[in-house]
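Here are my notes on this one, jotted down while going through the model. Have it open alongside as you read.

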Amino acid sequence: MSLRFLRPGLQTSIQDGGRPGMMRWGLCRGGAADTLAMAMANRLLGNPSDHPCIEVTLTGPAIEFTATLSIAVCGAYFDLRLNDKPVANNTVIQVRSGDVLEFGALKSGARGYLALAAEIDLPRSQGSLATHLLAGFGGLEGRALRAGDTLPLRACRRVQVRALPQRYCLDYRARPLIRVVSGADAELFPAEVLNAFYRGEFSVSSQSNRMGIRLSGALLATEGLPQVVSSALCPGTIQVPPGGQPIVSFIEGQTIGGYPRIAHVISADQHRLGQLQANDRLNFERIDTATAHRILQHKLRLLAELEDALQHPHPSPGDTN
Amino acid sequence: MKADFTLKPNGDAALDICFSAPPSAALSETIMLLAQAIEAASIPAVSELVPAYQCLTVCFDPLQLAPVGSHGTAHLRRQLAQLTERALSSSRTLPGERFLIRIPVCYEKDFAPDMSALRQHTGLATEEIIQRHTNRHYLVHMLGFTPGFLYLGGLDERLHCPRKSRPELRVPAGSVGIGGAQTGIYPQATPGGWQIIGRTPLALFRPEKTFAFVARPLDYIQFVPISADVFARYVPGAEIERTLIGEVP
């Protein structure tokens, strides 16, 4: 019972909820870049939200199954084909031994999550199966998957076919609303730089990755900014290095930083960063911390409601059993 | 130790406990003492503690605050402020073992692409650079940046040297460098702007071990010069040479 990669895709890796609690050793949480899409794919199959899955980036893989199980793909929209027949995102897909799933053209978003009603039978490293691409450990040999790689599976199961209710299917075509709270070093920036940041429009540089998202567009003046003493750099933090191009620290980012922090993407919106493509445009809206916590609570409540919706589905024309 | 502190938000899910005192061994000890006290308090919302030179960052899960929202945040701030005041007025020293860890470094030509830059900047001969780099016990203030990177204090002032104006795209894992007033080892092959004067064959991050790191905050590090031959024969998983130290040297 296994998954075999016929084509690897651009950067396909095993991810899960990562390794929380190890920042003090220089190890960021890591794991899935879009934890919400991963959670939805897993919940469709009755898995825990952070069950190990396959993260697919921009160009997807072709995968042959040598097992009978259920799978689901959430997150970025690819033209998905199972044995050359189109299959849908956000739906339970039944596969049998010998079936081939192909990720075709990317229609929106950046990262898809292939969840499996099975366990990936590999040893955990530092408590997780997440692949840490920079440090080269976790997942399969600490690297992105290659053509010919085989992932052993166990405990394969089938679940009932069901689809994510329409209102939970995220749309990544619209310009993302990224909300931030004021930066830990905001008082170091002159008012005109802060204004330029909040009024400016940024685009995602092609040099972005799981470590950081580099923004181009409005350059921020950095002359005369005092040096800051290095301290903890949390995911979502937007630093302004000399040169004035802000960088958003991301899921595999460094844990200590020393550039002034102008703002922080709120916890509830960090999953959306995982769906940004190069050249996507975005701007930042400042809110207060209490509002940020309410939004997080609301998003988590939606995920809990999804559980109910999946337990008591309204039959839809697309459902087949 | 007496020190002023302030509590500042670091995003919507972390608070920084910042100290006004300059970085020192005593302040790092206070920060680690505080980290232990916060851990012992078992506050359900607290998810990560990240020590740094002048600051302890407390990451929390906003949904575990009691209650969720501004009252819960204010309550957490009060708890942390109390714990910090108590840690600052405490005369306790940090329990637990501390080690002097010897890290082998080859300073020979193939491993030291920037030795000439360092000679030029410092006016010192290679031998003296190596001597000054290896005769110190460096304090580990914290780990961070990438897995296993050590922030070390105590570099000889004569060896301070500015970073490169253009960072290298790829510095090999194990490279030992000097950047400004800091010295350290790159645990992974990463881009880097430090002047590279040697390389260690020792892996600073060993994920296959239960404890994957070579040192903890408040340990001391000493670099030990080795030849290219010894470097070549070094077994990556070899035991690390460490000595228990009672007192700060």
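**Notes on helix packing, the barrel and the domains**

1. Let's start with a handedness: helix 1 of chain A passes helix 4 of chain A in a right-handed crossing. On the helix 1 side of chain A, the contact is made by Leu36(A), Ala39(A), Met40(A), Arg43(A) and Leu44(A). Helix 4 of chain A answers with Leu303(A), Ala304(A), Leu306(A), Glu307(A) and Leu310(A). By class that comes to eight nonpolar and two charged residues, with no polar ones. Bear in mind throughout that this is a predicted model.

2. How do those two helices sit relative to each other? The axes of helix 1 (residues 35-44) and helix 4 (residues 289-311) of chain A come within 11 Å and cross at roughly 20°. Angles under 35 degrees count as roughly parallel, so helix 1 and helix 4 of chain A are roughly parallel to each other.

3. Chain B has a helix pair to set beside that one. Helix 1 (residues 25-40) and helix 2 (residues 70-89) of chain B have axes that come within 9 Å and cross at roughly 130°, and they are therefore oblique to each other. Their crossing is right-handed. Thr30(B), Leu33(B), Leu34(B), Ala37(B) and Ile38(B) of helix 1 of chain B meet Leu80(B), Leu83(B), Thr84(B), Ala87(B) and Leu88(B) of helix 2 of chain B. Here the classes are eight nonpolar, two polar and no charged residues.

4. Back to chain A for the barrel. Seven strands close it in the order 11-18-15-16-13-12-19, with mixed pairing. From one strand to the next, the twist averages 40°.

5. Strand 12 (residues 202-204) and strand 19 (residues 281-286) of chain A run antiparallel and are joined by two bridges.

6. What lies across strand 18 of chain A? That would be helix 2 (residues 191-199) of chain A, running at about 30° to strand 18 (261-265) of chain A. Helix 2 of chain A also lies across strand 11 (177-182), strand 12, strand 15 (237-239) and strand 19 of chain A.

7. Last, the domains. The assignment for chain A gives domain 1 as 2-168 and domain 2 as 177-287. Their C-alpha centres lie 29 Å apart. The contact between them takes 29 residues from domain 1 of chain A and 17 residues from domain 2 of chain A.

Terms used: Residues numbered from 1 in each chain as written. Chains lettered and ligands numbered in written order. Predicted model: local features only at pLDDT ≥ 70, side-chain atom pairs only at ≥ 80, totals over all residues. Heavy atoms only, no water. Pairing = 2+ DSSP bridges. Helix = DSSP H or I, 4+ residues; strand = E, 2+ residues; numbered from the N terminus. Axes fitted to C-alpha atoms, helices over the stretch in contact; angles between N-to-C directions. Contact = heavy atoms within 4.5 Å. Parallel < 35°, antiparallel > 145°, perpendicular 65-115°, else oblique. Left-handed = near helix turned anticlockwise from the far one by under 90°. Nonpolar A, V, L, I, M, F, W, Y, C, P; charged D, E, K, R; others polar. Domains from an automatic or database assignment.
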